[in-house]
Amino acid sequence: MVDKIAYPVQLLQPDGRRVLRPEYTNLVRDIGPDELRALYEDLVVTRRIDVEATALQRQGELGLWAPMLGQEAAQVGSARALRPDDYAFVSYREHAVAYCRGVDPAEMTRMWRGTAHSGWDPHAVKVTNPAIVVGSQGLHATGYAMGAHLDGAEIATIAYFGDGATSQGDIAEALGFSMSFNAPVVFFCQNNQWAISEPVHLQSPVPIAQRAAGYGMPAVRVDGNDVLAVLAVTRQATQRAREGSGPTFIEAITYRMGPHTTSDDPTRYRSSAETAEWKARDPIDRMHRLLDWEGLLDGAFLTRVRTTADEIAARLRSGAVGAPTPPPLSVFDHVYASEHPLLEEERAEYAAYLAAVTDTEEALS
Amino acid sequence: MSTTRMSLGAAVGAGLRRALERDRKVVIMGEDVGRLGGVFRVTDTLQKDFGDNRVIDTPLAESGIIGAAFGMALRGYRPVCEIQFDGFVYPAFDQIVSQVAKIHYRTEGKVTAPLTIRIPYGGGIGAVEHHSESPEAYFVHTAGLRVVTPSNPGDAFHMIQQSIASDDPVVFFEPKRRYWDTAEFDVDAAPDLPLHSARVLREGSDATIVTYGSVVPTALSAAAIAEQEGNSLEVIDLRSLSPIDFPTVERSVRKTGRLVVAHEASTFLGLGAEVAARISERCFYQLEAPVLRVGGFDIPYPPAKLERHHLPDADRLLDAVDRSLAA
Ligand SMILES: Cc1ncc(C[n+]2csc(CCOP(=O)(O)OP(=O)(O)O)c2C)c(N)n1
């Protein structure tokens, strides 16, 4: 793999035609018409999730959202390579990974609305709650993988992070640790070209994937807007992990079409020409063209996809709109796993204060 | 006189601009500080005007920012580092507390580290996790660091320049929910206080409220409400958290006999604990009531929809004042 680093793996061209690379096409030989359509549906549904949540933020229902628009193929392709027992460690932008792992759309927005720090039970779906501190999750994935290795479990762990994150010590340390212990972990870098306003070349003068070589880690670059290619390389990497061959670094080359978050204004730092150039490589259009070439698009199918997307978007919306704010005293819950006298005291004091305030308000009204 | 109305965020930026103009050894470093002008636009237009050797967009690495700035300081520069949000300073914590803070002591005064580390801090803006923390106690506990925080635009403008001029490293906390507060001040006047003096913002006779940063305006509105109820509160803005201007606080407490200390940070072992302890030691016989603290609870910063419970508001301050007056 190491020598392939300069040539991003591609199985679909932007015009939707296939590329023949036997080494990789063999890895997705089982992806027939139904599976292709299912991947297309995932892309459409996850874009819809993203667009819906972005709209909800604009309508004031969410405090913030980190759009993944444009990165659907990187996320869907890699997440669909995972098996149910594999474990994904994600950042704040991996909404499609969460969806593919089975996170309930009604729970996806809790963190962004500000009613919770998490949103779902990570162990139930084997995907972590979003890591906000950039790069921290790389080490967590490594440790989880080390544990799995010690247990003799045949699973893979995958860490998702951005190009900017590769500048963090935590990611460097994760690469080192995982090689030292042959941890069954896949480092999945979505190089979306930007870390807020900073272009990828500020983080690294060489292709991001080359960083792995210094640790002796095999690496591969893949066209991140090509869902089939991403599926293939991630299958290869997770297979290596499961069979005990250690970590792999994947750099998925993609693009963040929208702002960094809904508070960001990308016109301050990048040109519309650049965005337009990437629009031509849109991952969903590409899949659409492939299905078209292969005669797999028909009205009934497209309607079904649209209906599914509508249903999921509606579920996300109803989960977000008017989601209740937890009661005030819940701020004291779960700080510790067992009782803590300081907190018990503060809880009691604040309860008394709230009761007194309420009494005063009632007396005044 | 050139009186200008400016927001606190813009005032920090104007102070940085002055510092860049005055001393070519001043450099600004951080994530997104250049082209974008910082996520809060504090450094807006500075890179355009001073170039990217003076206003440096760094890789996304906090330990790298502080460690490299420390190295530049050893070479005679005066770096001003921006940490994007409070919760992201921890990757740089080792560099700050183990390296930057200790160099002067270690080298028996032969080496200085004139770094200014700007950190937007505190909550109240509805942000997600790790964007609303008050980590000041970690830094004031470390010898060798000076720690300050302005609460209004005029102080922000002067204090950032005074911090940059300091030969000691200064951790400069910016109360982010006050970034958009505006005030008029004279940009050409000399600062009216040294960097480490507290400011009595309102005189009063019945009790003293000591606070800093984002809670200062809250304390002022509590004092305004108290006045209508017939209680006269003195309000002190500490401005400097290390060192603390205890003489100013003591003078006030000798007059009022009562003290409430308020801050957003968790109460246990927070700044308030130190102020309460010192004042109890030094003003024991003048105190009419125990020193009370109003602060955040001892919990991780809660989700945005619950943050108003965690942040001290005027009602919680007045409740403490009432308890003090009743004692
Ligand atoms: C340790 C840390 N520093 C700074 C930030 C603020 N921040 C959030 S996302 C981001 C850019 C991340 O870029 P990248 O890793 O490329 O991922 P992307 O957001 O593009 O998906 C920054 C600077 C943070 N969350 N954590």
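Start by selecting residues 44-308 of chain A, which an unreviewed UniProt entry marks as "domain: Dehydrogenase E1 component". Keep in mind that this is a predicted model. Colour the span by secondary structure: 43% of it is helix and 12% is strand. Now pick the C-alpha atoms at its two ends, and you'll find them 9 Å apart.

Next, click on the ligand and show what is within 4 Å of it. Which chains do the surrounding residues come from? Both A and B contribute, so this site is shared between chains.

Zoom in on the backbone now. At A:Val134, a backbone N or O atom sits 3.0 Å from a ligand nitrogen. Move to A:Gly164, where a polar backbone atom is 2.8 Å from an oxygen of the ligand. Then try A:Trp194: one of its backbone N or O atoms is 2.8 Å from a ligand oxygen.

Last stop: zoom out and select the contact between the chains, 39 residues from chain A and 38 from chain B. Together, chains A and B bury about 3300 Å², 63% of it on carbon and sulfur atoms. To finish, highlight A:His117, A:Arg268 and A:Tyr353, which supply 20% of the area chain A buries against chain B, more than any other three residues.

Key: Residues numbered from 1 in each chain as written. Chains lettered and ligands numbered in written order. Predicted model: local features only at pLDDT ≥ 70, side-chain atom pairs only at ≥ 80, totals over all residues. Heavy atoms only, no water. Polar contact = N/O pair within 3.5 Å; in protein donor to acceptor, adjacent residues only side chain to side chain. UniProt positions renumbered as here; feature names shortened; annotations may be inferred. Helix = DSSP H or I, 4+ residues; strand = E, 2+ residues; numbered from the N terminus. Contact = heavy atoms within 4.5 Å. Buried area = accessible area lost by both parts, 1.4 Å probe.
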